[in-house]
Amino acid sequence: MEVALLSFSSSLSPLCHQRISTLTPKTSNSPNYPRLPVIRSAVSRNKKEETVEAVKSHLENCHLLAAINYKGLTVKQFQDLRRTLPDTTKLIVAKNTLVFKAIEGTKWEALKPCMKGMNAWLFVQTDEIPSAIKPYRSFQKERKLENNDFAGAVFEGKFYAPDNFKVLETMPTRAEVYAKMLGALQSPAINLVTTLQAPAREVIMVLMAYIKKLEDESNA
C-alpha cells in the first residue's frame, strides 16, 4: 500500500500559519510556521505501521514466506517479476525491521537469519510450493540475476537456507502424494480387509453373547 507524503507550499496563508502553529511548540529561534520534519515523521510512522499490518495480513493464509535478495533489481525488473507470479503469491519490498516486527513471536520468526541486506518478501498462499517458486526461478535464469537469489524461507515453522532450498523446489505436489499413497496402499488394503473380516465377525459374536449373558443374569 502506498502512502502519499504530505507537503506544504511556502505560500501558506497567514490563517493556515496561525492554525498549524498552535499545534507546534515555538522557541525563541522558531519562525511562526510548523516544523515540517515533525509532520513528515508522523507520516513516516503511520506508513511503517501500515507496512507491518500489510505483512500480517499476507501471513494469514500463508504456507511459505521467502526472502529474495532485492539489491540491484531495477523498478522495471521488479514490476516485470510481479507480472510473472501466480495469484497465489504476493511479492512486496519492506524493511527487515518492519517484517521482523510483524513476524516476531510467530512461527515465521524462524526467518530471522534473513534479516540483513535488502530483501523482497514472497508470500506463498498455496500448499503447492514448487509451482509457486518456479516463476521466480525462471525469471532469475532468464534475466541472469544470479546475485538475486533466495536468502531463505520458512515452511511449516522450519527455516530453509539457500543451500537446502532445493528441498522446497522438488517437493511432490498434492496429486503426486495422493497417487503414491493410493498405489502403496491399494493391494495391502485389500489383503487387510480380507484378513480382518473373519476375526472381526467373531469378535462381534463374542461381544453379543457376553451382552446377552449380562442381560439374562440381570433378569434372573
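This is a predicted model: local features need pLDDT of at least 70, side-chain atom pairs count only at pLDDT 80 or more; totals for chains, interfaces and linings use all residues.
Trace the chain from the N terminus, and the elements come in the order α-α-β-α-β-α-β-α-β-β-α-α. Now show the surface. The accessible surface of the protein comes to about 15,300 Å². Carbon and sulfur atoms hold 58% of that surface. Of the 220 residues, 28% count as buried. Among contacts with a separation of 6 or more, 72% join residues 24 or more positions apart.

**Stop 1: the sheet**

Select the strands. The 5 strands form an open sheet, ordered β2-β3-β1-β4-β5, with antiparallel pairing. Go to its edges, where residues 89-93 (β2) and 158-160 (β5) lie. Each of these edge strands has a single partner, so one side of each is left without a neighbour in the sheet. Turn the view to look along the sheet. From one strand to the next, the twist averages 20°.

Next, select residues 64-69 and 119-124. These are β1 and β3, which pair in the antiparallel sense over 6 bridges. Pick Leu65 and look across to β3: its bridge partner there is Phe123.

**Stop 2: helix α3 on the sheet**

Select residues 75-84. This is helix α3, which lies across β2 and β3. Compare its direction with that of β2: α3 runs at about 165° to that strand.

**Stop 3: α3 against α5**

How do the two helices meet? Show side chains at the contact. From α3 come Gln77, Asp80, Leu81 and Thr84; from α5 come Pro135, Tyr136 and Phe139. The crossing of α3 past α5 is right-handed.

Zoom in on Gln77, which sits in helix α3. Is Gln77 buried or exposed? Gln77 has a relative accessible area of 17%, so it falls under the 20% limit and counts as buried. Leave out residues up to four places away in sequence, and Gln77 touches Gly72, Phe139, Arg143 and Leu145. Phe139 also belongs to the α5 side of the helix contact.

**Stop 4: helix α4**

Select residues 96-103, helix α4. Of its 8 residues, 6 are buried, so α4 is largely enclosed by the rest of the structure. Which residues of α4 are buried? They are Asn96, Leu98, Val99, Phe100, Ala102 and Ile103. Move on past the end of the helix to Gly105. This glycine follows α4 and has a positive phi, near 85°.

**Stop 5**

Most residues other than glycine have a negative phi. Two residues here are worth a look.

Select Lys144 in the loop between α5 and β4 (150-155). Lys144 is not a glycine, yet its phi is positive, about 55°. At 65% relative accessibility, Lys144 counts as exposed.

Then select Glu156, in the loop between β4 and β5. Its phi is also positive, about 55°, and Glu156 is not a glycine either. With a relative accessible area of 67%, Glu156 is exposed.

Technical notes: Residues are numbered from 1 along each chain as its sequence is written. Side-chain values use heavy atoms; hydrogens and water are left out. Two strands pair if DSSP finds at least two bridges between them. Helices (H or I, at least four residues) and strands (E, at least two) are DSSP runs, numbered from the N terminus. Axes are lines fitted to C-alpha atoms, for helices over the stretch in contact, and angles run from 0 to 180 degrees between N-to-C directions. Contact means heavy atoms within 4.5 Å. Buried means under 20% relative accessible area, exposed over 50%, partly exposed in between (1.4 Å probe, protein chains only). Accessible areas come from the Shrake-Rupley method with a 1.4 Å probe; for residues, only the protein chains shown count as cover. A crossing is left-handed if the near helix is turned anticlockwise from the far one by less than a right angle, and right-handed if clockwise.
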